[in-house]
Every structure is written in C-alpha cells, then in structure tokens.
Amino acid sequence: MSNGLEIKTCGRDTSCDLVLEHSTLSRLHAHIELADDGLVSIHDAASSNGTFVNRNDSWIRIKKITLCIGDRVRFGDIEVPLDRLTAVFGKRAKIRLEARRFHIRHGKTAARPRPGQPVAGPSLNKPRRNPATGKIEEDRTESTQP
C-alpha cells in the first residue's frame, strides 16, 4: 500500500496481476487501484489502443476513472467484467462501486440543480484529442456552470 492505494497491473506481460492475451493490449496496459475507502479506479498506462468505459450507453476512452455500478470496461478490444477486475484484490478486499451517474435531459437542455442545491461530484472526464497531432492531451479541468 502506498498513499492509501493498493495498485494492481493489467496487460499482456506475464508479470501483470491481470494477464490478458490479445494483440490490442500493451504489455502494461493499465493500473487497477483500490483506495482505502473501497473505491476502484482504472488508470490507463499510456497504452496504444486505449482503455474505455461504457457508461450511459457510450464507450469513452479514459485516462483515469473511478468505477460505478453498471460500468463496462474495455482494454483495447477486450471487454473485462467488473467482477474479474476486482478479483485481482482477493476475496477479502472490501470493494464498493459508486452509484451510477446518469445525464438527465429534458428536451434539448440538460437538467441543472436548483440554486443552493449541492452539485454532485465530477462525472466522467472525457480526454481531448489534439486536432493537429491526433494525440490525447493531458487532463483539462472544466468548470460546470449552474
């Protein structure tokens, strides 16, 4: 454990905690992190073919995300069930997933919280692809407007 995290690895290399044999996976494809509070995060390890999460019926390429109930995870072209991902921490690990976040829409505008009502934590951060180079840029912070 370091900084309250237990970190496992996922990829093609036999030294990984979760070994997945497929040509679309990097040797070290991603890190699976278990925080002290039981939340599980996936952190892409700069893989060539990416790490994706399906949330709200959309596959989104991610750099790092905390998993929610009902999420689906894909490394390259291989989808891995959540129970297989969390099994790398052992049967005694106290794992919990966040409540699923849905984007509520009414008509053509997104629903907004009432003034004075607390705003839920950040939802899925979508990385930005540089139009000139085609590479994914580092995380950028977006402010939400009430």
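**Core, sheets and turns of a predicted model**

Leu 18 is in contact (heavy atoms within 4.5 Å) with Thr 9, Cys 10, Gly 11, Ile 32, Val 80, Arg 84, Leu 85 and Val 88, leaving aside its neighbours within four places in sequence. The model is predicted: local features need pLDDT of at least 70, side-chain atom pairs count only at pLDDT 80 or more, and totals for chains, interfaces and linings use all residues. Residues are numbered from 1 along each chain as its sequence is written, and side-chain values use heavy atoms, with hydrogens and water left out.

The protein chain holds one helix and 11 strands. These elements are DSSP runs numbered from the N terminus, with helices (H or I) of at least four residues and strands (E) of at least two. Their order from the N terminus is β-β-β-β-β-β-β-β-β-α-β-β. Of the 146 residues, 32% count as buried. Here buried means under 20% relative accessible area, exposed means over 50%, and partly exposed lies in between (1.4 Å probe, protein chains only). Among contacts in the protein chain with a separation of 6 or more, 43% are between residues 24 or more positions apart.

In soluble globular proteins, nonpolar side chains tend to be buried together. A nonpolar core is taken as a set of buried Ala, Val, Leu, Ile, Met, Phe, Trp, Tyr and Cys residues joined through side-chain atoms within 4.5 Å. The largest such core has 20 residues, and Leu 18, Ile 32, Ile 42, Leu 67, Phe 75 and Leu 85 touch the most other members. At least two residues of this core come from each of strand 3 (30-35), strand 4 (40-44), strand 8 and helix 1 (82-86). Strand 3 gives the largest share, three residues. Thr 86 is also placed in helix 1. Thr 86 counts as buried, at 16% relative accessibility. Not counting residues up to four places away in sequence, Thr 86 touches Val 40 and Ile 95.

Strand pairing requires at least two DSSP bridges between two strands. An open sheet is formed by five strands in the order 2-1-3-4-7, with mixed pairing. Strand 2 (18-19) and strand 7 (64-66) are the edge strands, each pairing on one side only. Three bridges join strand 4 and strand 7 in the antiparallel sense. Ser 41 has Thr 66 as its bridge partner in strand 7.

Strand 5 (residues 51-55) is largely enclosed by the rest of the structure, because five of its five residues are buried. In a regular strand the side chains alternate between the two faces of the sheet. Both faces of strand 5 are covered: Thr 51, Val 53 and Arg 55 are buried on one side, Phe 52 and Asn 54 on the other. Strand 5 runs antiparallel to strand 6 (residues 58-62), joined by five bridges. Strand 5 also pairs with strand 8 (residues 72-75), antiparallel, over four bridges. Val 53 has a bridge partner in each of these strands: Ile 60 in strand 6 and Val 73 in strand 8.

Most residues other than glycine have a negative phi, and most peptide bonds are trans. The hairpin of strand 5 and strand 6 has two residues between the strands, and Asn 56 takes a positive phi near 60° there. Asp 57, in the loop between strand 5 and strand 6, has a positive phi near 65°. Asp 57 is exposed, with a relative accessible area of 73%. Ala 46 is not a glycine either, yet its phi is positive, about 55°. Ala 46 lies in the loop between strand 4 and strand 5. Its relative accessibility is 73%, which counts as exposed.

Arg 74 was examined against aromatic rings. A charge sits over a ring if NZ of Lys or CZ of Arg is within 6 Å of the ring centre and within 35 degrees of the ring normal. The charged end of Arg 74 sits over the ring of Phe 52, 4.2 Å from its centre. Arg 74 also lies over the face of Trp 59, at 4.9 Å from the ring centre.

A disulfide is a pair of cysteine sulfur atoms within 2.5 Å. The whole structure has zero disulfides. Cys 10 is in no disulfide; its nearest cysteine sulfur, that of Cys 16, is 6.7 Å away. Cys 10 is buried, with a relative accessible area of 0%. Cys 16 is buried too, at 9%.
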